[in-house]
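Thanks for making time this morning. I would like to walk you through one protein model, so please have the sequence and the structure open while I talk.

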Amino acid sequence: MQVKAKKQLGQHFLKDEDIARRIAETISGAQLPENARKWAEIPILEIGPGMGVLTKYLMDSGRTLKAVELDSESVVFLSKVYPKLDVIEGDFLKMNLDEIYDTDFALIGNYPYNISSQIFFKVLDYKEKIPVVAGMLQKEVAERICSGPGSKVYGILSVLLQAWYDCQYLFDVEPFVFAPPPKVKSGVLLLTRNSRTELGCDPVMFKKIVKTSFGMRRKTLRNSLASFIQPGSEASKLEILSLRPERLSVEQFIELTNAIKPL
């Protein structure tokens, strides 16, 4: 049996067994950072298993595993090849994840390129239940998520995710190991929850300031955030406003939010 890759679903099936095994091992106890090994046995939710090349290695871990698959053809394939696998047919982006697991779980997958950013924004909505995130996505997006201040690719997802997760870029994956091969390189990353329990500022305002700042990333913060700051106010005198957003760390965005919020 084979499943035909569907362009509208962003499907590129991984065919390299060694890479599949390496991705699965990123959430094993031996591979997790020392401060994250307490999550080495939590259940796993796989997104977009396709024909199950990654799935079989996750099943070998002995941990509780569920998989979310939108493609009905893949669902039929998986039910025949892996009859013991709990497959949930549906759109991950529209799901209430509290109905899938009532405890912490790890998220992993060969994420569809066309919705990878949306998947990680959803991770933020469930950050209290998802302490570990791993998998493969377009290299450019993976690098953006893991980049730090000063990088040209540092952006909205970088700041919002790094506020809650330690982000590691692990390794590149070449196009030829997929069927059909994508036009871009892929990258594998690992996110583990950091020690932060409170953001230290208004989370809604924080997200709004980060998004507005990077919406005009070529401008200084004084210009991009002009609508938030009253001329002549104490906040308008902040030296940090002379910088562009890619220069600010998560902590500096928090400080900036606290300075602007009273206005």
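Predicted model: local features only at pLDDT ≥ 70, side-chain atom pairs only at ≥ 80, totals over all residues.

**A walk through the model**

Let me begin with Glu-34, which counts as exposed because its relative accessibility is 69%; throughout, buried means under 20% relative accessible area, exposed means over 50%, and partly exposed is what lies in between, with a 1.4 Å probe and protein chains only. Glu-34 sits in the loop between α1 and β2, where helices are DSSP runs of H or I with at least four residues, strands are runs of E with at least two, and both are numbered from the N terminus. From Glu-34 to Arg-63, which is 29 residues away along the chain, the C-alpha atoms are separated by 19 Å.

Residues are numbered from 1 along each chain as its sequence is written, and side-chain values use heavy atoms, with hydrogens and water left out.

Now to the chain as a whole. The protein chain has nine helices and nine strands, and its C-alpha atoms fill a box of roughly 70 × 35 × 30 Å along the principal axes. Of its 263 residues, 52% count as buried. Among contacts between residues at least 6 apart in sequence, 68% join residues at least 24 apart, a contact being heavy atoms within 4.5 Å.

What lines the largest pocket? There are 37 lining residues, and Gln-11, Phe-13, Gly-48, Gly-50 and Glu-69 lie nearest the centre. For the terms, on a 1 Å grid over the protein atoms alone, a pocket is an open set of points where a 1.4 Å probe fits, with protein on both sides within 12 Å along at least five of seven lines, and lining residues have an atom within 4 Å of a point. The space in this pocket is about 620 Å³, a volume being the space filled by probe spheres set on the points, which are joined across faces, edges and corners. At least two lining residues come from each of β1 (13-14), β2 (44-47) and β3 (65-69).

Setting aside neighbours within four places in sequence, Ile-19 is in contact with Leu-14, Phe-171, Val-173 and Val-177.

Most peptide bonds are trans. The bond from Ala-179 to Pro-180, however, is cis, with omega near -10°, and Pro-180 is found in the loop between β8 (178-179) and β9 (186-193).

Finally, two residues later in the chain. Pro-203 lies in helix α7 (residues 203-215) and is exposed, with a relative accessible area of 52%; its C-alpha atom is separated by 8.9 Å from that of Thr-257, 54 residues apart along the chain. Arg-244, in the loop between α8 (221-224) and α9 (250-260), counts as partly exposed at 42% relative accessibility. Not counting residues up to four places away in sequence, Arg-244 touches Arg-217, Arg-218, Lys-219, Thr-220 and Leu-221, while its C-alpha atom is separated by 37 Å from that of Arg-37, 207 residues apart along the chain.
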